[in-house]
Amino acid sequence: MMFDATLTDQAPCRSDRLTSLSEYPFPRLHALLADVTPLANVAPSILTIGEPQNEPPALLTSTVAAAAPSAWAKYPPTAGTPEFRSAVAGWLSRRFNLPGDFINADKTILPVCGTREALYQLAQLVVPTQKAGQKPVVLIPNPFYAVYQGAAVMAGAEPVFLDGTKETGYLPDLDAVPEETWARTALFYLCTPANPQGAVASLDYLKRALTLARRHGFTVAFDECYGELWHNSVPTGGLDAARALGGERPLSNLMSFHSLSKRSSAAGLRSGFVVGDPDLIAGFTRLRAYSLAGMPLPVLTAAAALWADDAHVEINRAYYRANVDAAEAVLNGKLGYYRPDAGFFLWLDVSQVAESGEEATKRLWREGAIKVLPGAYLTQPHKDGYNPGGRYIRVALVQDADNVARSMERLVRILT
């Protein structure tokens with residue numbers, strides 16, 4: 001066969017769904033501040049990303065080191081090890097006060113390499129081509145974790161954003177969803193405690209969400225990665241709702257995600273798990289066997305040790321509670337401050353002192369070398385162009401309490 005040199009080269013084809021995604025928040029922030037020179041002679045205060053700044057427990061390093069010599073050369077199983085699943089089952093039973101037979105460690109638990117990729121991939125498992133004869137819907141809280149939108153769009157679904165405002169208790173308003181939308185829903189991402197508002201869904205709310213899922217045939221993805229960093233009372237979770245509703249298949253329509261990134265200050269370990277509906281876990285295990293490598297065996301060993309240990313979590317929780325206390329001492333009564341139920345983010349209203357969260361962000365960087373994230377980068381605008389996050393900034397309280405206090409004092413000085 002002769003090669004025809006007159007043929008022109010063509011660019012490789014690519015998915016047109018990618019163009020439907022909004023820009024990821026942190027590249028947007030980089031572009032916003034590209035031409036802004038921060039205040040000199042002051043150590044920058046980076047309050048944008050929820051990356052733990054306190055040391056992970058010594059248990060992590062020692063366990064990885066002990067397990068490594070015999071494990072790095074082996075391919076890890078997708079389903080993890082019996083020891084990992086047993087440690088997770090033990091923690092779930094302690095944390096949610098579950099009956100001994102509620103969790104089947106081998107059928108309802110699956111390790112994931114951090115919850116980010118698993119939350120994304122779940123949509124490939126549960127979103128069909130059509131639902132109720134139409135394009136399926138994925139319900140997403142607004143503000144939202146960008147991964148939720150990416151998962152919905154790339155799975156061919158229509159993302160429907162549910163505002164979480166002060167009036168709705170900073171959680172999606174379930175009453176605002178029409179029946180025809182419920183009928184088309186394939187997946188509902190529910191983050192509780194919420195990022196960034198720090199609100200915790202009540203047991204009644206969680207039971208209602210799970211009941212709606214069973215009535216309309218969709219999956220609830222309970223993203224509970226901040227559930228151990230509570231400040232006042234222990235948050236309820238999806239498993240509490242499942243236990244309360246009972247039934248022969250109490251975990252049906254439920255997938256709950258947990259991670260060591262925040263709980264154990266081990267973001268770099270990339271270790272979490274999903275617990276839920278045994279049929280969905282079986283399907284998810286099969287899907288992940290095709291698409292992802294398993295969690296390395298030394299990581300599984302370290303993760304099992306961390307899930308089996310609660311003492312270091314108490315220390316970690318106290319660290320973030322002290323950070324919130326330090327911020328509250330400065331902010332109380334200013335910029336719409338309220339104490340979050342859990343987590344380490346503040347959702348501050350700057351509408352009285354700046355035209356937008358973007359303007360406030362630029363001012364803080366220019367005048368105080370403080371870097372925060374505009375709320376509009378975490379929210380989807382309405383069809384009329386109004387963005388419910390446009391008046392906010394998100395502040396991550398990951399530095400120690402002394403640094404948090406100094407940063408908040410500087411922030412208040414600039415914005416009020």
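Start at the second largest pocket of this predicted model, which has a volume of about 290 Å³. Select Thr165, Lys166, Tyr170, Arg391 and Tyr392, the closest to its centre among the 19 residues that line this pocket. Next, colour strand E9, residues 345-349, which gives the most to this lining, with 3 residues. By class, the lining of the second largest pocket splits into 9 nonpolar, 6 polar and 4 charged residues.

Move on to the largest pocket, where the space comes to about 620 Å³. Its lining counts 27 residues, and the ones to select are Ile49, Arg116, Tyr145, Tyr226 and Lys262, which lie nearest the centre. Then show helices H1 (25-33), H4 (115-126), H5 (146-154) and H9 (260-263), the elements that give two or more residues to the lining of the largest pocket. H4 supplies the largest share of that lining, 3 residues. Colouring the lining of the largest pocket by class gives 16 nonpolar, 5 polar and 6 charged residues.

Now hide the pockets and turn to the nonpolar cores. The largest core has 65 residues; select Leu92, Ile103, Phe188, Leu239 and Trp307, those with the most contacts inside it. Helix H11, residues 297-308, gives the most to this core, with 8 residues.

Centre the view on Phe188. Leaving aside neighbours within four places in sequence, Phe188 is in contact with Leu139, Leu162, Pro172, Leu174, Tyr205, Ala209, Phe218, Thr219, Val220 and Ala221.

The last stop is a second, separate core of 29 residues, where Val127, Ala151, Cys191 and Phe284 are among the members to select.

Key. Residues are numbered from 1 along each chain as its sequence is written. This is a predicted model: local features need pLDDT of at least 70, side-chain atom pairs count only at pLDDT 80 or more; totals for chains, interfaces and linings use all residues. Side-chain values use heavy atoms; hydrogens and water are left out. A nonpolar core is a set of buried Ala, Val, Leu, Ile, Met, Phe, Trp, Tyr and Cys residues joined through side-chain atoms within 4.5 Å. Buried means under 20% relative accessible area, exposed over 50%, partly exposed in between (1.4 Å probe, protein chains only). Helices (H or I, at least four residues) and strands (E, at least two) are DSSP runs, numbered from the N terminus. Contact means heavy atoms within 4.5 Å. On a 1 Å grid over the protein atoms alone, a cavity is a set of points where a 1.4 Å probe fits but cannot get out, and a pocket is an open set with protein on both sides within 12 Å along at least five of seven lines; lining residues have an atom within 4 Å of a point. Grid points are joined across faces, edges and corners, and a volume is the space filled by probe spheres set on the points. Ala, Val, Leu, Ile, Met, Phe, Trp, Tyr, Cys and Pro count as nonpolar, Asp, Glu, Lys and Arg as charged, and the others, Gly among them, as polar.
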